Amino acid sequence: MSQSAAILSGKAEAVDLRAKLRKAERSYKLKSLALIAPLFLFVLVCFAFPIGTMLTRSVDNPDVHSAMPATTQALKSWDGTSLPSEGTFDALVKDLASAKESGQLGALTKRLSYEIPAYRTVITKTLRKLPDSTATSKREALIAVDSAWGDVNYWKALKQASSKLTPYFLLAALDHRVDSATGSIVKAEPNQSIYLDIFTRTFYIGGVVTILCLLLGFPVAYWLATLPEGKSNLLMICVLLPFWTSLIVRTAAWIVLLQSDGLINRSLMFLGIVDAPVQLVFNRTGVIIAMTHVLLPFMILPLYSVMKSIPSNYVRAAISLGAHPFVAFWRVYVPQTFAGLAAGGLLTFILAIGYYVTPALVGGAADQMVSYFVAFYTNKTVNWGMASALGSLLLIATLLLYVVYGKLTNQSQAR
Amino acid sequence: MNHLVSFKNIQKTYDGFRPVVKDLNLDIKEGEFVTLLGPSGSGKTTSLMMLAGFETPTHGEIFLKDKPLHNLPPHKRDIGMVFQNYALFPHMTIEQNLAFPLSVRKMNSVDRKEKVRRALDMVKLTDFAKRYPAQMSGGQQQRVALARALVFEPKLVLMDEPLGALDKQLREHMQLEIKHLHKQLGLTVVYVTHDQSEALTMSDRVAVFNDGVIQQIDSPAAIYEAPTKSFVAQFIGENNTLIATFVSRDESHTIARLSDGSLIRAISVVGAKPGDQVALCIRPERVVVGPAGSTPLTARIQEYIYLGDHVRMITEIAGQPNFMIKLPASQMDSSWTVGSSISISWAPEHIRALDVTTH
């Protein structure tokens with residue numbers, strides 16, 4: 001009896017203690033939340049939300065269904081094999097007339113021409129001779145205006161373009177499209193297939209720049225890590241020096257240095273190494289030179305911080321065990337820098353594939369990377385769907401790399 | 001010569017004017033366990049690193065089996081080394097760590113596996129082969145480091161404060177384990193430490209370093225019982241120093257006078273002229289206490305510390321404070337209180353007249 005009472009009171013005490021702990025932790029949690037909140041809100045409002053909305057543009061498809069609500073509605077019940085019903089033709093006439101009034105016509109024709117380029121003339125022609133309400137059969141009247149309205153494929157394209165969401169932009173960014181006749185995904189026409197090439201070029205330039213940064217940065221980082229503190233701090237400032245000037249100034253400086261009668265070409269000619277100036281700028285060479293220079297610190301810093309934490313003992317131990325200094329370096333030192341190599345390589349590669357200013361200034365037409373086309377669609381043709389589709393794919397590539405990196409570092413931490 | 005290692009007139013300086021090691025001469029016999037003991041900055045680690053090949057002597061020559069070492073790079077010396085903090089390769093398993101010295105020697109994988117297995121057996125870590133160093137305790141890592149330094153069967157093994165990072169109990173256990181391996185395998189060990197009890201426990205000979213010079217090299221018992229320098233007397237164990245004036249000497253003994261006029265007879269170690277100062281050194285446990293007035297020498301008790309099995313008294317003799325007396329609790333007397341005087345004496349062979357240091 002007394003024993004069970006003791007257990008009961010013990011339980012009550014435990015519950016009481018847990019409640020106390022929760023209470024104590026609650027105020028701690030609230031405090032940390034309050035500390036995070038300003039930055040969190042800032043990121044949410046100024047970063048996550050705008051990017052999120054922008055990303056939805058890659059699948060968003062408002063033009064047709066907002067300009068042609070009645071036709072969209074009517075096409076929903078269409079079987080897609082024969083010509084649509086008389087009512088659909090009625091709706092089309094009505095929608096075209098109101099679209100003309102509300103000024104949504106431009107966006108509408110542009111969107112439809114993505115599906116079938118000839119759609120533009122079909123709409124203009126139809127609008128000029130829009131059948132009035134006296135026509136008994138809108139279907140016959142429209143087909144009389146343009147025979148395209150008697151072609152099932154044009155209706156299929158219209159239906160496809162009228163959905164609220166579309167894979168059109170994302171597929172186009174990968175040089176594919178949905179064939180409106182069959183509904184299957186097919187390769188885009190060769191004259192429209194440019195994006196896969198651009199992605200390949202982007203990853204190629206990113207890869208070359210990353211490897212160059214690694215080859216140039218690794219020895220520097222190693223040297224810095226082995227120097228005494230005072231000297232390495234001074235030299236670290238030199239490594240960070242590029243950050244003190246703006247990216248555009250540095251890129252412009254490269255143009256001055258690399259151009260045909262620039263410092264480098266003149267020196268080469270003066271020394272008699274070349275007879276005529278070498279083309280170093282406004283081509284791939286210039287892009288790679290300038291980007292490698294700009295991105296070097298991002299490789300050196302993570303490598304340095306990892307190397308700094310490796311005690312010199314390890315290499316000494318390996319040598320004392322009979323390894324030649326090169327073998328000791330390769331088998332004992334280098335593997336321990338993998339975390340820095342992964343971080344530096346990833347950082348450099350991700351920054352490189354997103355580069356815009358440097359290739360735009362020192363590159364030629366064939367050296368422009370994905371970001372250039374994002375800017376092109378955003379600023380020049382105002383095709384936000386295409387711009388955000390390219391951007392999304394770039395973002396996905398980056399996220400995949402992060403996942404790979406996470407896996408790699410997790411593995412090394414598990415040890 | 002049957003010396004495995006000989007340091008001949010070795011000098012080392014890093015900056016060109018401050019010597020770290022001054023004129024080191026040391027011969028180590030095959031199978032010997034020699035400890036270099038000294039405070040930090042005394043040159044003991046530098047000496048070890050010169051032997052391993054990671055530092056080069058500024059002057060002099062080191063011989064290994066009578067061959068000069070100066071042109072032999074460290075990876076060809078075939079000297080096993082255990083580092084402070086073990087230096088186990090963190091990206092390799094224990095097995096791979098042990099196989100490393102064998103694989104750089106191009107040993108075939110069958111022999112390699114066998115040797116690794118035997119080395120793991122030797123340090124009783126057979127079940128840990130697949131683990132990474134970070135998954136093991138300090139004591140286990142220490143044993144792996146030991147096994148790795150021994151797996152390629154070097155004749156000479158160097159150890160640079162290998163037990164410094166372990167707690168006391170583990171350290172004492174490892175001291176014995178290293179000692180046993182030394183006996184079993186017939187190794188020659190050069191061991192660096194600043195821990196005097198470690199040096200006394202393990203070594204055949206202890207070389208006490210200070211200021212880049214070996215102050216004394218001898219067996220642990222001789223180092224403790226018969227120090228030849230007051231630095232050694234003070235560095236090893238507890239010691240009392242009385243400063244006295246040299247009066248005269250006969251064959252083996254020195255007579256010196258304390259400031260209160262009492263004459264003390266001590267074993268002569270240092271040469272001195274009348275009027276010179278000498279340091280008379282005696283261990284606290286060698287002091288005998290009798291009733292007041294029974295001997296010519298009187299000490300006044302400044303502090304009295306009870307430690308269960310023994311007592312310590314800090315006393316003042318002839319105006320010199322901090323003279324420590326250590327007595328078994330059984331010889332305790334209740335009349336010994338702070339401020340009272342006692343008579344002390346010692347056997348003349350336990351007090352030694354040494355040089356006066358500025359320490």
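1. Two strands are taken to pair if DSSP finds at least two bridges between them. The model is a predicted one, and within it Gly290(B) stands opposite Ser343(B), a residue of β19(B). The two strands concerned, β15(B) and β19(B), the latter covering residues 341–345 of chain B, pair in the antiparallel sense over three bridges.

2. That pairing belongs to an open sheet of five strands in chain B, whose order is β15-β19-β16-β17-β18 and whose pairing is antiparallel. At its edges are β15 (288–290) and β18 (320–328) of chain B, each of which pairs on one side only. From one strand to the next, the twist averages 45°.

3. Chain B also holds a closed barrel of five strands, which runs β11-β12-β13-β20-β14 and has mixed pairing. Here the twist from one strand to the next averages 55°. A parallel pairing in chain B is that of strand β13 (residues 263–268) with strand β20 (residues 352–354), made over two bridges. Ser268(B) has Ala353(B), in β20(B), as its bridge partner.

4. For chain B as a whole, the count is eight helices and 20 strands. Along the principal axes, its C-alpha atoms fill a box of roughly 80 × 45 × 35 Å. Of its 359 residues, 38% count as buried, and of the contacts with a separation of 6 or more, 64% are between residues 24 or more positions apart.

5. Is helix α1 of chain B, residues 44–52, mostly covered or mostly uncovered? The helix is mostly covered, with eight of its nine residues buried. The buried residues of α1(B) are Lys44(B), Thr45(B), Thr46(B), Ser47(B), Leu48(B), Met50(B), Leu51(B) and Ala52(B). After α1(B) comes Gly53(B), which has a positive phi, near 100°.

6. Turning to chain A, helix α10 (residues 195–226) and helix α17 (residues 338–353) pack with their axes 8 Å apart and at an angle of about 140°. An angle over 145 degrees would count as roughly antiparallel, and α10(A) and α17(A) are therefore oblique to each other. The crossing in which α10(A) passes α17(A) is right-handed. On the α10(A) side, the residues that meet α17(A) are Thr202(A), Phe203(A), Ile205(A), Gly206(A), Val209(A), Thr210(A), Cys213(A), Leu214(A) and Gly217(A). Their counterparts in α17(A) are Gly344(A), Gly345(A), Thr348(A), Phe349(A), Ala352(A) and Ile353(A). By class, this contact of α10(A) with α17(A) has eight nonpolar and seven polar residues, and no charged ones.

7. The residues of the contact of α12(A) with α14(A) divide into six nonpolar, two polar and one charged.

8. Why does Phe40(A) count as exposed? The cut-off for an exposed residue is 12 or fewer other C-beta atoms within 10 Å, and Phe40(A) counts as exposed because there are 12 C-beta neighbours inside 10 Å. This residue lies in helix α1 (residues 2–56) of chain A. The C-alpha atom of Phe40(A) is separated by 49 Å from that of Ala118(A), which is 78 residues apart from it along the chain.

9. As to the interface, 17 residues of chain A are in contact with 20 residues of chain B. On the side of chain A that touches chain B, the elements that give two or more residues are α15 (313–320) and α16 (325–336) of chain A, and α15(A) provides the largest share, seven residues. The residues of that side of chain A divide into 10 nonpolar, five polar and two charged.

Methods
Residues numbered from 1 in each chain as written. Chains lettered and ligands numbered in written order. Predicted model: local features only at pLDDT ≥ 70, side-chain atom pairs only at ≥ 80, totals over all residues. Buried ≥ 20, exposed ≤ 12 C-beta atoms within 10 Å, placed from the backbone. Helix = DSSP H or I, 4+ residues; strand = E, 2+ residues; numbered from the N terminus. Contact = placed C-beta atoms within 7 Å. Nonpolar A, V, L, I, M, F, W, Y, C, P; charged D, E, K, R; others polar. Axes fitted to C-alpha atoms, helices over the stretch in contact; angles between N-to-C directions. Parallel < 35°, antiparallel > 145°, perpendicular 65-115°, else oblique. Left-handed = near helix turned anticlockwise from the far one by under 90°.
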